[in-house]
Amino acid sequence: MVERILTLPLLPLRRGVVLPGRRTTLPVGRPRSRALAESLRAGDLLVLGRQLHPTVEEPLLADLNPLAVVARTIGKSSQDPRGFVLEVEPLSRAYLLEITTLDPFWQARIREIEEPPPTLESQELAHVAKSMARELFPQEVAMLEAIATTREAGLLADRIAAFLELEEEKREEVLKTIDPVARLRLVISLMIEFRERNEIRRKLEAEVREEMKRHQRENLLRQQLRAIQKELGEEDPFREKVRKAIDGGALPEEVKEAVERELRRLDQMGPAHAESAIIRNYLEWVIELPWNQRAESKIDLNAIEAKLEEDHYGLKEPKRRILEHMAVLKLEGDGKGAILCFVGPPGVGKTSLANSIASAIGRPLVRIALGGVRDEAEIRGHRRTYIGALPGRFIHALRKAKVKNPVIVLDEIDKVGKDWRGDPTAALLEVLDPEQNRNFIDHYLELPFDLSEVLFIATANDVSGLIPPLRDRLDVVEIDGYTIEEKVAIAERHLLPQAIRKVGLSAHEVEFPASVIEWIAREYTREAGVRQLSRSITRVLRSFALEAARKDAPQQKAKFLVTEAVVKESLGQPKYSSEHMEQRLAPGIAAGLAWTPSGGEVLYIESTKMPGKGRVEITGQLGEVMKESAQAALAYLRAHAQALGINPQVFETHDLHIHVPAGAVPKDGPSAGITILTALASLLTERSSRPDLAMTGEITLRGRVLRIGGLKAKLLAAQRAGFRTVLIPSQNLPDLAEIPPACTSSLEIVPINHVTEAIELALGISTGSEAPTPSSSQGISESGVISA
């Protein structure tokens with residue numbers, strides 16, 4: 001190779017790789033570059049150097065690629081006042097040695113690289129390259145003529161490479177390949193790659209054209225088929241509906257493929273075919289599901305709080321828990337939190353709270369009743385191989401909601417059963433798990449549906465019977481019940497206006513004093529919620545509706561006043577006189593407090609003795625825990641008989657019988673222990689217990705009184721029944737801070753640590769011994785239908 005030293009004007013290029021052999025245009029904008037362009041005339045030589053970093057405004061030698069290109073000026077044109085466009089013809093490669101001048105434009109000393117004479121190998125490679133170029137660029141006449149007369153291998157490689165659609169890195173690789181033979185080999189390999197890309201591109205274009213032709217042909221045939229069917233009166237609106245769903249883009253790709261597959265099957269069979277109705281039913285379910293439809297929802301905590309306050313009176317703690325849960329959902333944004341579960345007796349407003357949440361966030365609400373569900377297919381659906389198969393309840397709910405992000409209320413989740421057909425609670429685990437329900441597959445559809453955007457809210461009376469994994473997915477919010485004052489306020493704000501509208505009267509026609517509502521709540525209802533109170537109010541108003549309907553002149557409406565006499569005429573005599581508190585108790589009877597799924601209850605425990613041999617009989621359909629509490633109470637009394645003034649011989653000469661009334665109702669739980677012990681102490685000391693005193697607490701053989709659960713419900717029951725004093729374990733004192741004052745305002749709550757305190761307060765017996773200091777250990781939480 002021959003090299004020569006030259007000094008030429010330098011034009012730095014910010015980006016792009018220029019190869020010798022093909023004319024090109026270059027925009028010129030920098031002051032020094034404009035000065036260079038102004039000085040150039042046609043035929044002048046210059047050197048083109050590529051910058052290593054395009055952001056450098058005033059490049060020096062270190063900022064330029066050492067390998068440059070010598071070019072000849074062809075012409076120039078003024079682009080605008082700020083610059084020129086140069087047309088140049090790159091000629092050869094050169095090395096930049098130094099920049100000799102900066103003003104008025106760059107000049108550089110270079111070492112030009114001249115191509116060596118052709119060799120036999122280069123001539124053979126040139127022949128191959130020209131043949132491939134004619135194959136690849138049959139329409140580039142000027143380029144083919146130029147390479148046909150080119151004898152230098154390096155120049156031929158540059159001219160061909162300039163026409164290839166090469167990335168900048170590969171163009172630079174060609175530029176840096178100095179040896180002509182190596183450069184020509186490189187260009188031939190790039191031409192082979194270019195040909196393969198062209199073949200792939202042509203193949204893809206052919207496939208796209210064929211697909212478009214197929215779609216156009218199918219659309220044309222469908223239009224013709226519809227026209228023929230219309231003329232023959234054989235139109236099928238169902239097929240049009242399915243086709244519209246497919247073409248409308250509302251179905252995911254996987255679902256669209258399944259629908260098209262089933263539609264083709266349907267097209268191949270006649271309407272009388274046995275499977276035709278099954279496929280039609282399946283397609284109807286699939287296209288009517290909200291695969292991509294969402295409700296416009298916004299979690300506005302202020303709006304949720306205002307809606308809860310408007311629709312519900314009281315419930316301060318549940319409302320706070322709801323707002324906290326919704327705040328987490330708003331901040332998380334992906335709905336992966338625990339499921340809200342409202343737990344409480346019937347009629348306390350669990351479902352209506354869910355209605356308020358759905359209304360506040362702007363989502364439709366769908367209720368799924370799980371009570372009595374025993375078949376797993378109710379959750380996951382039946383497989384289509386069964387006759388009469390249908391999707392599960394969750395797919396039904398989504399079809400009804402018409403959006404994929406509704407509020408779904410799982411009502412009575414604690415009433416789910418199981419049998420030989422499967423365990424529905426196991427299926428619920430998948431539905432309620434945010435890591436799994438993104439691809440929930442119903443057995444009927446056999447297609448994944450995304451349930452992660454659904455806001456699930458569960459309701460239950462008692463969650464203690466749920467399996468631990470399902471219980472772990474629930475954020476339990478307890479709603480124990482209402483006081484009489486709260487019931488009156490709820491009736492005035494909500495129940496009474498609803499009842500007046502329900503019977504067809506207007507508010508100005510009825511006067512319903514608050515005192516009468518309170519009297520109805522006390523004398524005619526015994527519930528933690530307000531459902532029975534609502535029915536009673538409606539029943540009273542129906543008598544006025546009957547009277548108003550019988551009048552000949554409806555326009556002359558009189559005002560109806562509700563009094564106690566009117567209530568008795570409609571509802572009969574009061575059903576719960578004296579609030580179930582007995583005015584006098586015989587020896588052997590004590591009043592306890594129990595928790596039930598319907599709220600708190602007063603539980604009178606009775607005991608008696610008779611001549612015998614020391615046997616003990618326990619009746620009342622009691623569970624094992626309650627029987628053990630009775631045995632522990634009897635053991636304590638036998639061990640401390642002398643201190644309590646009991647004749648020890650009575651345990652040998654008499655039989656004892658302990659009974660808990662309402663024998664048809666199962667009962668269990670440890671907190672009746674203190675009541676059983678007091679009833680036995682009353683029997684054996686022949687002292688009556690105070691009738692205005694109720695108690696609750698678990699006992700130990702040492703006489704300690706341990707913590708119990710359901711305190712609020714039990715205190716509400718004591719207040720409803722008219723008790724004045726309630727004995728509770730000292731360990732439950734912190735729970736009183738979470739109980740509204742209205743629940744305890746009429747009660748004297750006495751904390752106790754030892755059974756001797758209960759005996760002294762209930763029976764007036766002083767044992768003279770000091771009760772031990774309470775321990776921090778806690779009792780066993782209650783379970784069962786009635787937890788005593």
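I looked up Leu283 and, setting aside neighbours within four places in sequence, found contacts (heavy atoms within 4.5 Å) with Phe238, Val242, Val259, Glu262, Leu263 and Leu266. The model is predicted, so I note that local features need pLDDT of at least 70, side-chain atom pairs count only at pLDDT 80 or more, and totals for chains, interfaces and linings use all residues. Residues are numbered from 1 along each chain as its sequence is written, and side-chain values use heavy atoms, with hydrogens and water left out.

Next I looked up the cores, meaning sets of buried (under 20% relative accessible area, 1.4 Å probe, protein chains only) Ala, Val, Leu, Ile, Met, Phe, Trp, Tyr and Cys residues joined through side-chain atoms within 4.5 Å. The largest nonpolar core has 58 residues, and Leu283 is among those with the most contacts inside it, as are Phe394 and Leu410. H9 gives the most to this core, 6 residues. Another core, of 55 residues, lies apart from it and includes Leu308 and Ile490.

I then checked helix H8 (residues 253-267) against helix H9 (residues 276-288): their axes come within 10 Å and cross at roughly 155°. H8 is therefore roughly antiparallel to H9 (angles over 145 degrees, on a scale from 0 to 180 degrees between N-to-C directions). Helices here are DSSP runs (H or I) of at least four residues. Among the residues that meet are Val259 and Leu263 in H8, and Ile279 and Leu283 in H9.

Last, I looked up Thr149, in the loop between helix H3 (141-148) and helix H4 (153-163). Thr149 counts as exposed because its relative accessibility is 63% (cut-off: over 50%).

Technical notes:
Helices (H or I, at least four residues) and strands (E, at least two) are DSSP runs, numbered from the N terminus. Angles under 35 degrees count as roughly parallel, over 145 as roughly antiparallel, 65 to 115 as roughly perpendicular and the rest as oblique.
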